[in-house]
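I opened my notebook to follow the ring-bearing side chains. Here is what I looked up.

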Amino acid sequence: MEKFNKEILVGEDNKVFQFTRMQNMIGVKFFITTFDQTNKPISFSMRQDKFGKWALTPGSLPWLYPLTGELADAILEKQPA
């Protein structure tokens with residue numbers, strides 16, 4: 001299981017996102033956790049869609065969708081060439 005952190009600007013705050021790579025019979029996904037202002041964990045996942053792009057799984061919080069590109073870039077930076 002591969003793990004890494006990436007700091008991403010969200011509004012006026014830098015948030016640290018913790019990525020954990022997981023693989024099972026249906027493929028690879030990344031379980032991602034960050035923390036809100038009260039230090040409460042916020043977790044969600046990303047999987048590759050049918051076009052090979054990383055996408056948030058259904059049910060993710062609405063404020064995460066504008067960050068999809070930056071989250072996907074963080075994953076791609078860590079993928080072997």
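How many aromatic pairs does a search of the whole structure find? I found 5 aromatic pairs in that search. Rings of Phe, Tyr and Trp (its six-membered ring) pair if their centres lie within 6.5 Å; planes under 30 degrees apart count as stacked, over 60 as edge-to-face and the rest as tilted.

Before going on, I noted the ground rules. This is a predicted model, where local features need pLDDT of at least 70, side-chain atom pairs count only at pLDDT 80 or more, and totals for chains, interfaces and linings use all residues. Residues are numbered from 1 along each chain as its sequence is written, and side-chain values use heavy atoms, with hydrogens and water left out.

**Entry: Phe4 and its partners**

I looked at Phe4 with Phe19. Their pair is stacked, with 4.6 Å centre to centre and 5° between the planes. Phe4 sits in strand β1 (residues 3-10) and Phe19 in strand β2 (residues 13-24), 15 residues apart. Strands are DSSP runs (E, at least two residues), as are helices (H or I, at least four), numbered from the N terminus.

Are Phe4 and Phe19 buried or exposed? Both are buried, meaning under 20% relative accessible area, whereas exposed is over 50% and partly exposed in between (1.4 Å probe, protein chains only).

Next I checked Phe4 with Phe30. This pair is edge-to-face: 6.1 Å centre to centre, 70° between the planes. Phe30 lies in strand β3 (residues 27-35), so the pair ties together parts that are 26 residues apart in sequence. Phe30 is buried too, like Phe4.

**Entry: the cluster**

I wrote down one aromatic cluster, formed by Phe4, Phe19, Phe30 and Trp54.
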